[in-house]
Amino acid sequence: MSRFEAKKPSVCESDPLQSERVRTTLPVLKGIVTSCYGPSGRLKHLHNHVGGHVCTTSQSSALLGRLSVTHPVLKILTSSMQNFVSCFSDCGLFMTILCCNLIENGQGLDLARTTVIEANKLLLRLCTTYLKSEVCGCRIPVDFSSTQILLCLVRSILTSKPACMLSRKEVDHISALVLRAFLLTIPEKSKDSIILGKSVIVPLKGQRVLDSTVLPGMLIEMPEVQLLRMLPITDSSALKVALFCVSLSGDVSDTGEGTLAVSYGVCLERAVLDQLLDLGRQLVRDHVGLVMCQKVIHPSLKQFLSRHHVIAIDRLGVALMEPLSKMTGSQAIGSLGSVSLSSYGSVKDLCSATFGSKHFFHLIPNEVTVSSLLLCSRSDTSWEELKLTCQTALHVLQLTVKDPFAFLGGGCTETHLAGYIRHQTLHEPGSILKGDGCTQTELQLVAEAFSRALESLAGSLEHDGGEMLTDMKYGHCWSVQSHLPAAVNWPDLLSSCGCGSLSSEEQLSWSYLKGSHHPFMPQACLPQEAASSSSDLTLDCYTAKLNGLQVAVETANLILDLGYVIEDTN
């Protein structure tokens with residue numbers, strides 16, 4: 001007889017931020033993500049005690065996706081980060097660290113939580129208005145007629161991921177390839193709106209990174225014997241393409257859901273095979289030269305197509321279906337019945353390609369909107385990290401097409417914005433408050449905590465015990481070694497700011513980032529012409545960082561506003 005346990009009552013916890021579990025685990029989570037931040041961030045080696053996949057990474061999506069988080073408050077934070085990264089790919093660590101800083105600093109204020117939340121909303125509105133304005137001093141325009149800024153943007157993403165284990169030469173090589181792969185996805189003939197194509201990353205592990213390359217069209221891996229048997233029957237001309245997303249294996253289990261009625265004496269397998277051969281005859285009549293299938297093609301159908309000089313490629317997998325449909329202009333066919341002529345597409349040519357020990361079909365499109373990035377790396381671990389980083393870079397370039405701007409990186413946007421907040425809340429508090437629910441004094445207290453959260457985020461880029469400075473003119477972030485003498489000449493120790501746009505040769509004064517200094521209005525340092533011609537800037541994605549700021553503040557406000565946590569422990 002089965003045993004039944006009485007249902008346990010739900011556990012109700014008031015003021016969860018003051019609980020011992022949150023007060024001990026939130027700083028640990030913050031320490032983990034903070035230690036991963038930036039080009040010199042520390043790697044994390046993730047595995048479980050029973051074996052399975054091992055991951056070495058410093059990327060937020062790979063990191064928090066594999067961490068087991070149990071407390072509901074922390075789940076809000078990690079879920080918010082994962083949803084954010086799924087939309088924007090970049091700035092996940094930025095968003096998470098800033099959110100933790102805002103929660104920590106908000107708790108430390110001797111103010112009501114509702115007051116802190118309202119002031120945070122006002123400051124977020126102040127920041128977003130400034131960052132979107134033409135007078136913003138920490139963003140630069142992206143000119144698509146030149147590749148300089150775009151290369152800087154891709155290079156900044158690659159150098160921020162140390163687990164890729166790339167040299168400077170390799171970074172430059174991969175940056176150029178990623179940019180070229182992206183540019184190949186932009187259609188040459190576009191009307192009012194642009195529909196971007198797709199870049200497919202093809203793995204080639206065990207080869208040098210410098211052997212990586214980009215090809216227009218699609219590479220489909222194929223055993224050498226099969227490749228040699230199929231290619232001699234083609235001529236170098238356009239091929240009509242049929243793309244199937246349904247199985248052509250002839251298995252009865254692949255016919256779909258529902259009841260299957262079979263007449264007495266009918267061989268089901270033979271009937272399905274006859275239907276497949278009828279389909280093959282139609283493809284031949286329609287002069288199809290290339291049949292591609294997401295799943296398996298029956299050997300008899302393959303043999304029939306081969307006799308009629310039709311190339312058949314199966315086991316493509318679901319990931320290649322969308323780019324193949326875009327590249328060939330074909331519609332995925334989902335039934336074994338009669339095929340509409342409008343479902344067919346075409347390719348310009350089909351040839352073979354060999355890279356390392358792998359052999360590929362190379363599909364060359366009529367108009368290039370799909371590219372193949374053949375990505376090489378020395379080990380599985382570095383290849384997985386490099387693949388994720390290249391995917392992020394490609395997505396960032398897509399976002400930049402929509403919003404053609406970039407933020408200054410290396411912590412300079414954060415310190416510049418912190419200086420702007422302090423100046424505005426001191427000199428123009430009335431324009432920020434506009435009768436909302438907090439006083440000028442309360443606004444300035446929260447503004448200082450908000451600015452410290454941004455500066456602490458910039459300081460998280462330093463992992464080797466150095467000191468972080470900010471200049472008193474542009475509000476940029478600078479790094480210098482620790483344990484300096486009392487009397488020091490800063491220009492002798494500093495080379496350039498975090499983003500690389502300023503040098504210490506300019507007439508500047510500096511202050512420690514954690515110190516106190518008089519509020520000032522930070523200026524813009526680069527005219528648009530100079531920004532477009534700079535070739536060694538550290539930049540951040542405009543769309544991802546702007547949205548990351550908003551998500552960080554909104555998530556921090558949500559967590560600060562929690563009064564109770566009710567858990568079902570059954």
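Start by selecting S12 and strand S13 (residues 358-364): they run antiparallel and are joined by 7 bridges. Helices (H or I, at least four residues) and strands (E, at least two) are DSSP runs, numbered from the N terminus, and two strands pair if DSSP finds at least two bridges between them. This is a predicted model, in which local features need pLDDT of at least 70 and side-chain atom pairs count only at pLDDT 80 or more, while totals for chains, interfaces and linings use all residues. Residues are numbered from 1 along each chain as its sequence is written, and side-chain values use heavy atoms, with hydrogens and water left out.

Now click on Leu 350; opposite this residue, in S13, stands Leu 363.

Axes are lines fitted to C-alpha atoms, for helices over the stretch in contact, and angles run from 0 to 180 degrees between N-to-C directions.

Follow the chain into the loop between H11 and strand S11 (345-347), where you will find Gly 334. Which residues does Gly 334 contact, leaving aside its neighbours within four places in sequence? They are Cys 245 and Val 246, where contact means heavy atoms within 4.5 Å. The C-alpha atoms of Gly 334 and Val 246 are separated by 4.9 Å, although the two residues are 88 apart along the chain.

For the last stop, select helix H13 (residues 412-427) and helix H15 (residues 440-459). Their axes come within 8 Å and cross at roughly 170°. That makes H13 roughly antiparallel to H15, a label for angles over 145 degrees. Residues making the contact include Leu 417, Ala 418 and Ile 421 of H13, and Ala 447, Phe 450 and Leu 454 of H15. By class, this contact has 10 nonpolar, 4 polar and 5 charged residues; Ala, Val, Leu, Ile, Met, Phe, Trp, Tyr, Cys and Pro count as nonpolar, Asp, Glu, Lys and Arg as charged, and the others, Gly among them, as polar.

Methods: Parallel < 35°, antiparallel > 145°, perpendicular 65-115°, else oblique.
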